Amino acid sequence: MNHFLGIAIESLVAVLLMLTVGYCMLLNKRLQRLKADEHSLKATIGELITATEIAERAIGGLKHTVRDVNEHLGSQLIAATQMSAHLKGQLAEGDGVIRRLSRIASAARPAAVEPEAEATAARVSSAKAVAAAAQAFSERRRANGLAA
């Protein structure tokens, strides 16, 4: 019986050793897959870091561009506002000149006897007088070198 018990114990130890070797082989395969995943994960992390750095540089460039555009746009808005005010003043002066020319033309027209004929003649002569006065005014301005 001693031999039978010894063989049974030795057989049990041999089976347990084979199970251990099998389990070690399974663990080895899993470790190899884990290492392969680790390498691919490191490569992915490296690519992510590179992409992040590129994005940060691009964002910095965009911020710089936005600052430049804001400064340039601000100066253009100021210039446009000044030009608008200048044009508004020029228009007001032009209106004043037209009013004066109209008064000069209406004062220069002869008094007519018939009111209906006078109204028609006044319209025609008023337009002609304003045009002639404007022509004379622009010629004087050009002669003095003040016309644009």
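1. Lys42 is exposed, at 53% relative accessible area. The cut-offs are over 50% for exposed, under 20% for buried and partly exposed in between (1.4 Å probe, protein chains only). Its partner is Glu38: the two side chains meet in a salt bridge, 3.6 Å from N to O. Glu38 is partly exposed, with a relative accessible area of 37%.

2. The structure holds one salt bridge. The term requires a side-chain nitrogen of Lys or Arg within 4 Å of a carboxyl oxygen of Asp or Glu. Glu38 and Lys42 are four residues apart in helix 1 (residues 2-108), about one turn of the helix.

3. This is a predicted model; local features need pLDDT of at least 70, side-chain atom pairs count only at pLDDT 80 or more, and totals for chains, interfaces and linings use all residues. Residues are numbered from 1 along each chain as its sequence is written, and side-chain values use heavy atoms, with hydrogens and water left out.

4. Of the 148 residues, 4% count as buried. The accessible surface comes to about 12900 Å² (Shrake-Rupley method, 1.4 Å probe; for residues, only the protein chains shown count as cover). Carbon and sulfur atoms hold 66% of that surface.

5. Leu5, Ile9, Val13 and Leu17 form a nonpolar surface patch, with about 370 Å² of accessible area together. Patch members have over 30% relative accessible area and no salt bridge; nonpolar side chains (Val, Leu, Ile, Met, Phe, Trp, Tyr) are joined within 5 Å, like charges within 9 Å. Leu5 lies in helix 1 and is exposed at 52% relative accessibility.

Conventions. Helices (H or I, at least four residues) and strands (E, at least two) are DSSP runs, numbered from the N terminus.
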